[in-house]
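Visitor: Please show me the structure. Then tell me how its terms are decided.

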Amino acid sequence: MRWLRRTWAALPRLGPPGVVWANRSWLAMGVAVGIVLTILFTSGVQPLFRESTDWEKGKLVVLSGRDQSDGGQRRALINQWNAEHPEQPAEIIELPTEADGQRSEMVARAREKADNADVFNLDVTWTAEFAQSGYLRPLSTVDTSGFLRRPLESCRYQGVLWALPFNTDAGLLFYRKDLVQDEPLGLDDIADTSTRALRAAQDARLTAGYAGQFLDYEGLTVNALELIWAEKGDVVDESGKVVIDSERTRRALRWLADGLKGEKPVVLPESRAQNEQLTTQAFRDGKVVFMRNWPVAHRTLQGNRGESAGRPAIDFEVAQLPGPSVLGGQNLAISAKSTKPRAAQALIEFLTGPRSQQLLFERGGLAATRGIVYQDSRVATEHPYARTLLKAIEDARLRPLTPYYSRFSDEFRTIVRYALDHDGALPGNAEEALTAALQGR
């Protein structure tokens, strides 16, 4: 407060010492306080004093995919916001379940002239596309301290912050505790453990060792990238160059292609037609030893851990994947056409705040984007897998940051499907095709 003392010292004396000066000193103090407040309100400290009276009035529309949290916790948070801010009520409009359908609907609405959305709940892979296309309003004067590094990184494009992370995701390896003695460290460990369990016939329900999501949708992109990273291969390096044509990448794809074959396959053949929900069901039914899935599956399995509907109990544990996980999750961004940007930003800050994040994790099963949630003693006690999840998020990798990610993912899945049908071999034009897709050609 040295600058305050200097300001006080510079004020003119209003009279001689004594009673008169003592009375007039209150006037001087008032002048000083006025100067202090003026300095504060004209400096970077101003946002600290922003109140709801500064926000635009009217309904805030949030476009989002289906709420997959337990008990609809996203909507519960919106209801809490509405109770506290009746002049800025928010409404979530849920779009088609499939990610491609959500993206198409959001793009269509962003292109319309009318102001029909204030906030987009974007998949982490769409931030670059929406920012590049001019659909978003950049965020400013936002306190980003406390967010985990990787989720926050997914909110930036070309050095600009376009969103705040609503929930994050990292793949985990689920496994049967009765069939697995040691956590696997690599794909070969998964294969060896699976083979031993299948040969020992410890469980008549077992039909394969490992299940992932290999249906032709974004799940195939995610699973294939993680398998390649587990073999220390890569598809696009940190500089943005396509480097898929390598022996390590082929080794990972061969592991998957070979694993799908045989009378007792390492990889569940039905995985080629399965999404996250179907894979979870296969694991719960005892068909596989290992499963790759998102953290939300933990709550589903936890609720069905005991014997039910004539099915024996499944005792399971989770570990990190053999390699880095793909970073998943959604980011909240303000529509460039919103007529209520200040209110929309306040809503985003509320939904991504520490308390909201803890509720989404504890009650909804969605991975929190703030580190403090994982440090909570109750979270550590009631959700012992939280430490493993936090480490998986910290070690996760982002998919390529490109406005043309959708094209890249489509092309990459075409290459993976070819490899699965050709013993792990890559098509001759793999690098050329992926490079063109990354550049929007």
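Guide: Start with "buried": under 20% relative accessible area, while exposed is over 50% and partly exposed lies in between (1.4 Å probe, protein chains only). This is a predicted model: local features need pLDDT of at least 70, side-chain atom pairs need 80 or more, and totals for chains, interfaces and linings use all residues. Residues count from 1 along each chain as its sequence is written, and side-chain values use heavy atoms, without hydrogens or water.

Visitor: What makes α8 "mostly covered"?

Guide: Of its 13 residues, 12 are buried. Among them are Gly219, Leu225 and Trp229. Helices are DSSP runs of H or I, at least four residues, and strands are runs of E, at least two, numbered from the N terminus.

Visitor: Why does the span of α8 agree with what it should be?

Guide: The expected span is 1.5 Å times one less than the number of residues. For the 13 residues of α8 that should be 18 Å, and the end C-alpha atoms are 18 Å apart, so the two agree.

Visitor: What do the buried residues of α8 pack against?

Guide: They pack against α7, β9 (210-211), α9, β10 (290-293) and α17. Contact means heavy atoms within 4.5 Å.

Visitor: What makes a set of residues a "nonpolar core"?

Guide: The members are buried Ala, Val, Leu, Ile, Met, Phe, Trp, Tyr and Cys residues, joined through side-chain atoms within 4.5 Å. The largest such core here has 50 residues, including Val235 and Phe412. α8 gives the most to this core: eight residues.
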